[in-house]
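This briefing concerns the structure shown below.

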Amino acid sequence: MNKIIMIVILFLSCKDNANKVINSAPETVVELAATEKVNTVMNSELETTLENSSLNPENSISDSGVLRTVLYKGTLDSTINIQLYLNEQESPCGGDITMLSAMYKYDNQDKWILLEVTRDRQKKFFCMVEDNFSGVLFLKESENDFSGQWISPDTNKQLKIKLKKIDVDNMTIEKLDEILFDDLIYNKYDC
């Protein structure tokens with residue numbers, strides 16, 4: 001029992017002040033790894049309370065840390081129609097670093113291809129590596145477009161890319177986010 005109390009004290013001391021749990025009664029507190037719920041055991045009853053405001057369904061997308069969601073349409077090699085979807089979110093670590101998630105697809109295919117995204121410090125040049133390294137996109141971002149090249153893994157094939165930002169409604173963004181996060185990213189990192 002002393003080990004459990006010591007672990008609980010350690011967890012509580014590591015929490016930031018916004019999520020701090022004050023434990024004035026002799027209770028045992030068990031926290032989940034994501035610190036989204038606090039379970040309190042009191043007289044053999046389990047009481048669960050939400051600790052993280054991001055779990056509140058009333059929060060809007062503007063409160064969720066999403067900085068931008070953009071759909072681009074254009075061409076690969078001037079003849080193949082493609083779409084690229086980019087989702088940028090605040091980093092949980094703070095600062096000016098953001099998390100970029102992206103996917104693209106050929107218009108004549110239903111399947112989206114997950115992209116691992118990095119960019120330079122000036123936030124103008126992007127390197128997007130296709131899942132399973134089947135190709136790399138090197139893109140330069142302007143105000144409303146991307147331009148650059150798709151390069152095959154053996155670098156023998158290099159094709160020009162031109163993409164323009166298009167306006168989409170919230171319902172389309174929700175569908176794209178579902179494909180990106182619930183299908184592609186979840187399936188890639190799920191055990």
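The points that follow are grouped by topic. The model is predicted. The protein chain contains 2 helices and 11 strands, arranged along the sequence as α-β-β-β-β-β-β-β-β-β-β-β-α.

**Overall fold**
- Of the 191 residues in the protein chain, 31% are buried.
- Residues at least 24 apart in sequence account for 32% of the contacts between residues at least 6 apart.
- The protein chain has an accessible surface of about 13100 Å², and carbon and sulfur atoms contribute 52% of that surface.

**Nonpolar cores**
- The largest nonpolar core has 22 residues, and those touching the most other members are Leu-84, Tyr-104, Met-128, Leu-137 and Phe-146.
- At least two residues of this core come from each of β4 (66–76), β5 (80–90), β6, β7, β8 (125–130), β9 (136–141), β10 (145–151) and β11 (158–166).
- β6 supplies the largest share of this core, with 4 residues.
- Leaving aside residues up to four places away in sequence, Phe-146 touches several residues, among them Tyr-72, Leu-84, Phe-126, Met-128, Lys-140, Glu-141 and Lys-162.

**Largest pocket**
- The largest pocket holds about 270 Å³ of space.
- Its lining consists of Asp-96, Ile-97, Thr-98, Met-99, Leu-100, Val-117, Thr-118, Arg-119, Asp-120, Arg-121 and Lys-123.
- The elements giving two or more residues to this lining are β6 (98–106) and β7 (113–119).
- By class, the lining residues of the largest pocket comprise 5 charged, 4 nonpolar and 2 polar.

Key: Residues numbered from 1 in each chain as written. Predicted model: local features only at pLDDT ≥ 70, side-chain atom pairs only at ≥ 80, totals over all residues. Heavy atoms only, no water. 1 Å grid on protein atoms, 1.4 Å probe; cavity = no way out; pocket = protein on both sides within 12 Å on 5 of 7 lines; lining within 4 Å. Points joined across faces, edges and corners; volume = space filled by probe spheres on them. Nonpolar A, V, L, I, M, F, W, Y, C, P; charged D, E, K, R; others polar. Core = buried A, V, L, I, M, F, W, Y, C linked by side-chain atoms within 4.5 Å. Buried < 20%, exposed > 50% of the residue type's maximum accessible area, 1.4 Å probe, protein only. Contact = heavy atoms within 4.5 Å. Areas by Shrake-Rupley, 256 points an atom, 1.4 Å probe, with all protein chains shown as cover.
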